[in-house]
Amino acid sequence: MLLFSVIFITGLAFIVWASSDIGSGVFIKAKCKNAEFPKGLLLTFDDGPHPENTPEILDILEKNGVKAVFFVTGTEVEKYPEIVKKISERGHLIGNHSFSHSNFFPFFFKNTILSELQRTAEICEKITGKKIFCFRPPFGVTNPRIAYAAKKLNYVTVGWSVRSKDTVLKDSGMILKKVLELIKGGDIILLHDTVDGSVKMLDKLINQCRTDGLEFIEPVKFLSGE
Ligand SMILES: [Zn+2]
């Protein structure tokens with residue numbers, strides 16, 4: 001009985017880890033960093049577009065000559081199509097982050113997951129005229145049903161190696177400190193359009209990284225390498 005419990009709990013712990021850690025690689029081989037760029041970085045912004053923050057982020061990126069990836073959700077794309085157009089026109093990459101970003105997304109049937117991704121892709125592609133090829137699962141959760149949908153659409157699944165914890169920290173100084181503590185060459189940095197603090201520290205983050213000898217790589221180039 002004890003042995004059974006130990007095996008059961010260990011198995012359960014493995015499944016929880018494999019699903020919740022996008023870098024585990026158990027269900028999906030997600031791209032979480034790129035060793036081909038020992039001094040290179042990739043900035044990613046999730047959960048947008050946001051009516052005020054996203055345009056502000058775009059201006060900061062433009063001023064600094066940095067290109068990033070925006071993992072957008074279909075519900076927000078429907079509300080702010082002109083911002084999605086602007087993201088694309090400024091040369092940034094748009095990635096799929098589901099339609100609803102529902103808390104139950106990981107529990108959906110595989111065909112529901114697939115149709116959420118297809119719906120978001122269709123709206124984005126209609127707005128930008130460009131095909132989406134990358135995907136970040138909501139909450140970074142992966143499982144066989146999400147893997148099925150990503151494979152079906154031929155998506156590159158993108159994780160991260162630096163989690164800013166911006167949705168929890170909220171304060172710009174604390175977010176900046178957290179990211180700078182963790183950052184090294186080859187990293188993919190996870191930020192959110194929805195967090196004001198991340199917008200406020202963005203200019204400082206870019207400048208500090210460059211002072212430290214790091215550079216921001218064009219997203220398609222960064223994601224196509226190993
Ligand atoms: Zn998200």
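Donors are counted here as N, O and S atoms within 2.8 Å of the metal; water is not among the atoms, so a site may look incomplete. The model is a predicted one.

**Zinc site.** The zinc ion has Asp47, His97 and His101 as its protein donors, at 2.1 Å. The table lists the donor atoms.

| Donor residue | Donor atom | Distance to the zinc ion |
|---|---|---|
| Asp47 | OD | 2.1 Å |
| His97 | NE2 | 2.1 Å |
| His101 | NE2 | 2.1 Å |

Along the sequence, the spacing of these donor residues reads D-x49-H-x3-H. Asp47 sits in the loop that joins strand S1 (40-46) to helix H2 (53-64), and His97 in the loop from strand S3 (93-96) to helix H5 (110-128), so the pair ties together parts 50 residues apart in sequence. Both Asp47 and His97 are buried.

**Largest pocket.** The largest pocket holds about 240 Å³ of space. Its lining consists of 18 residues, and those nearest the centre are Phe139, Arg163, Thr167, Leu190 and His192. Which elements each supply at least two residues of this lining? They are helix H7 (166-169) and strand S7 (188-192). H7 contributes the most, with 3 residues.

How values were computed:
Residues are numbered from 1 along each chain as its sequence is written. This is a predicted model: local features need pLDDT of at least 70, side-chain atom pairs count only at pLDDT 80 or more; totals for chains, interfaces and linings use all residues. Side-chain values use heavy atoms; hydrogens and water are left out. Donors are N, O and S atoms within 2.8 Å of the metal (3.2 Å for Na, K and Ca); water is not among the atoms, so sites may look incomplete. Helices (H or I, at least four residues) and strands (E, at least two) are DSSP runs, numbered from the N terminus. Buried means under 20% relative accessible area, exposed over 50%, partly exposed in between (1.4 Å probe, protein chains only). On a 1 Å grid over the protein atoms alone, a cavity is a set of points where a 1.4 Å probe fits but cannot get out, and a pocket is an open set with protein on both sides within 12 Å along at least five of seven lines; lining residues have an atom within 4 Å of a point. Grid points are joined across faces, edges and corners, and a volume is the space filled by probe spheres set on the points.
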